[in-house]
Structure formats: C-alpha cells, structure tokens
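Here is a short briefing on one protein model. Look at the strands first, then at the helices.

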Amino acid sequence: MSNNIHTKLLEIQTGLVVPKEQNNAHLNFKYRNLEDIMKSVKPLLKHVGMSLTLSDKITVIGDRHYVTATSTLTDIGTGQAIECSASA
C-alpha cells in the first residue's frame, strides 16, 4: 500500500475510536466533544506523520450569522493537505 496522504487518512479513519464519555443529564444522552476526539486522534496523527489544525470564523450572510469551521489535515513530510469546511 502506498504512503500518500489519502492512505494515511484511511489509516487514521480506520484506527480512530472515540467513545461517548460525556453526558447531558438534562436531555439524557451521551456525546463526545472536541477534546475527546483530539485526545484519540493525536497518537494516530503522530504515527502517520500528519498534523491537524482547526479554525473557526464568523460569516454574515444577509441578516444571518454563521460559524464556519475548517479542518486541515497536513502530511508533515510532503506538505500535502486536505481541507474541509462546514457552516452552521
């Protein structure tokens, strides 16, 4: 198997397990937060030689305000990156 950025991403995705350890007592459900996810993904990133950066920005469209979150996964060896953004 080659060692390109997509192969490394696949290794991270197949190895990542993040249990739902947080509890919302008011609505009675379990969830995982960003800190839980980062704690689990950091060792996998180190293993494959990648970094993950996260950023947020506020976007105003008309009279609505949105938060746009962007994740960038970068291969430390090659500098190749995969970026994903979403707004809510």
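**Strands and helices in brief**

T70 stands opposite S85 in β5. The model is predicted.

**β4 with β5**
- Together β4 and β5 form a hairpin, with 5 residues between them.
- G79 sits in that turn and has a positive phi of about 85 degrees.

**β3 with β4**
- Strand β3 spans residues 50–61, and strand β4 spans residues 64–75.
- These strands also pair: 12 bridges join β3 to β4, and the two run antiparallel.
- I61 stands opposite R64 in β4.
- The hairpin of β3 and β4 has 2 residues between the strands.
- In this hairpin, G62 takes a positive phi near 65 degrees.

**A general point on strands**
- Side chains in a regular strand alternate between the two faces of the sheet.

**α1 with α2**
- Helix α1 is made of residues 5–15, and helix α2 of residues 34–48.
- How do α1 and α2 pack? Their angle is about 150 degrees, and their axes are 10 Å apart.
- That angle makes α1 roughly antiparallel to α2.
- The crossing of α1 past α2 is right-handed.
- On the α1 side, K8, E11, I12 and G15 make the contact.
- On the α2 side, the contact comes from V41, L44, L45, H47 and V48.
- By class, this contact of α1 with α2 has 5 nonpolar, 2 polar and 2 charged residues.

Note on methods:
Residues numbered from 1 in each chain as written. Predicted model: local features only at pLDDT ≥ 70, side-chain atom pairs only at ≥ 80, totals over all residues. Heavy atoms only, no water. Axes fitted to C-alpha atoms, helices over the stretch in contact; angles between N-to-C directions. Helix = DSSP H or I, 4+ residues; strand = E, 2+ residues; numbered from the N terminus. Parallel < 35°, antiparallel > 145°, perpendicular 65-115°, else oblique. Left-handed = near helix turned anticlockwise from the far one by under 90°. Contact = heavy atoms within 4.5 Å. Nonpolar A, V, L, I, M, F, W, Y, C, P; charged D, E, K, R; others polar. Pairing = 2+ DSSP bridges.
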